[in-house]
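Let's take a walk through a protein fold together. Have the structure open and turn it around as you read.

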Amino acid sequence: MDEAKEPAGTVGKERLQLSQEEAFARIRLLRSPNVGPVSYHQLLGRFGSAVAALEALPDLAGKGGKRYTAAPVKRIDGETSAMRKLGARYLFHDSPDYPPLLAQVSGAPPILTCLGDLSLMHRPSVAMVGARNASAAAVRLARDFAYGLAQAGFTVVSGLARGIDGAAHQGALAAGGATVGVIASGIDIAYPPEHEALQAEVAEKGLLLAEQPCGTEPLARHFPARNRIIAGLCAGTLVVEAAPKSGSLITARLAGEMGREVMAIPGSPLDPRAHGCNGLIRDGAVLVQSVEDVRELITAFDGTSPRSTFREDVAEWDFTEDVVPADDSPAQIADLLTTAPVCVDELIRQTGASPSAVQLALLELELAGRLTRHAAGRVSLAG
């Protein structure tokens, strides 16, 4: 499994020193039942390595009330073999090549799979999203904006979906510029099928990223997770055309929650496909009408004070940084939980226990399949 040992290109930095055994264990840990980004980081923090964490999983889940079996070694062997044949690589969260803006996001993927040039994520980047059933005018607009942004030296990031996404990638490629495609499937699956050639071109001339394991077909729940990566990679997200319930508005909301710029191109109030963008502008997104508007906004972005005021009130909880000390004991919190989400800090207040003790109790319940994690550091009993 050479790719796991050397998961990514150097991009002018010293390569992460990660043993083949530990790299394989990290992949297996993340692919194991009920292990997500939060629990993955907590397990690494508590046990110091994925090898040690895997050994501890059955005991932790047992304390949560369930027998536990980690992901089979044979399945991970099959995945890494498929990655080798594809020429794809693993990118771990602590690699110097991991996208710097994405690394700042709570709940960022601990492991990505990639094909292409990782240096593109170290350039100023703009996400472009919008309707799948976009109007011909919006598709042309998206292509022209992407062309201009790519010519100006920006990396254009999108999700390879029909409509605006595809046009954004095509515009950046036509300019001979940089583009990154983030897909909801495994990196070896082309979706939608009609974008197979475009996805291959993005991987060859730009960068293709996936969070799901190789061989995974896209499911509905994978798309919001894909959207958080798109938003997290970039200093700002531009919505070109979107209906009020468009998935692209999820990307805009996530970008706002991350403290990134949210931009929208206005449209006619008579066209339902423009209502999403007009609503974003009403709620604080920056109205843009030209490539220069976007360039000016992203160039001025300092990472802390976006001009856009589009936000949703969410609790501040940097849960990926919570490390459970190896010698801590879990808090007694099961009786405080219901199927209604509650903030973790509220559990800490009500129990009077230390944050690490509460996190350990949550970790045990999660591994046992009894806990569901929600946005903004909220948890509930699994329904």
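Where is the place of P192? Look in the loop between β5 and α8. (Helices, H or I runs of at least four residues, and strands, E runs of at least two, come from DSSP and are numbered from the N terminus.) A cis peptide bond joins Y191 and P192, with omega at about -5 degrees.

Before going on, a word on what you're looking at. This is a predicted model, in which local features need pLDDT of at least 70 and side-chain atom pairs count only at pLDDT 80 or more, while totals for chains, interfaces and linings use all residues. Residues are numbered from 1 along each chain as its sequence is written, and side-chain values use heavy atoms, with hydrogens and water left out.

Now for the sheets. Strands of a sheet pair through backbone hydrogen bonds, either parallel or antiparallel. Here, two strands count as paired if DSSP finds at least two bridges between them. Nine strands make up an open sheet, and its order is β1-β2-β6-β5-β4-β3-β7-β8-β9, with mixed pairing. At its edges you'll find β1 (89-92) and β9 (286-287), each pairing on one side only.

Let's zoom in on two of the pairings. Strand β2 (residues 111-116) and strand β6 (residues 207-210) run antiparallel and are joined by four bridges; look for T113, which stands opposite A210 in β6. β4 and β5, on the other hand, pair in the parallel sense, over four bridges. There, V157 has V180 of β5 as its bridge partner.

Stay with β5 for a moment. Is this strand mostly covered or mostly open? It's mostly covered: six of its six residues are buried. Buried means under 20% relative accessible area, exposed means over 50%, and partly exposed is in between (1.4 Å probe, protein chains only). In a regular strand the side chains alternate between the two faces of the sheet. In β5, A178, V180 and V182 are buried on one side, and T179, G181 and I183 are buried on the other.

Next, find helix α7 (residues 164-174). This helix is mostly covered too, with nine of its 11 residues buried. Among the buried ones are I164, D165, H169 and L173. What does the covering? The cover includes β3 (125-129), α6 (136-151), β4 (155-158), β5 (178-183) and α8 (196-205), where contact means heavy atoms within 4.5 Å. Just after α7, G176 takes a positive phi of about 70 degrees.

L160 lies in the loop between β4 and α7, and at 0% relative accessibility it counts as buried. N34 sits in the loop between α2 (20-31) and α3 (37-47). With a relative accessible area of 32%, N34 is partly exposed.

A cavity here is a set of points, on a 1 Å grid over the protein atoms alone, where a 1.4 Å probe fits but cannot get out, and lining residues have an atom within 4 Å of a point. Grid points are joined across faces, edges and corners, and the volume is the space filled by probe spheres set on the points. The structure holds one cavity of 30 Å³ or more, and the largest cavity has a volume of about 70 Å³. Its lining has 13 residues, of which G159, I183, A184, Y191 and F223 lie nearest the centre.

Finally, head to a second sheet. Three strands form this open sheet in the order β10-β12-β11, with antiparallel pairing. Its edge strands are β10 (342-343) and β11 (371-374), each pairing on one side only. β10 pairs with strand β12 (residues 378-381) over two bridges, and V342 has V379 as its bridge partner in β12. Between β11 and β12 there are four bridges, and H374 stands opposite R378 in β12. The hairpin of β11 and β12 has three residues between the strands, and A376 in this hairpin takes a positive phi near 65 degrees.

Conventions. 1 Å grid on protein atoms, 1.4 Å probe; cavity = no way out; pocket = protein on both sides within 12 Å on 5 of 7 lines; lining within 4 Å.
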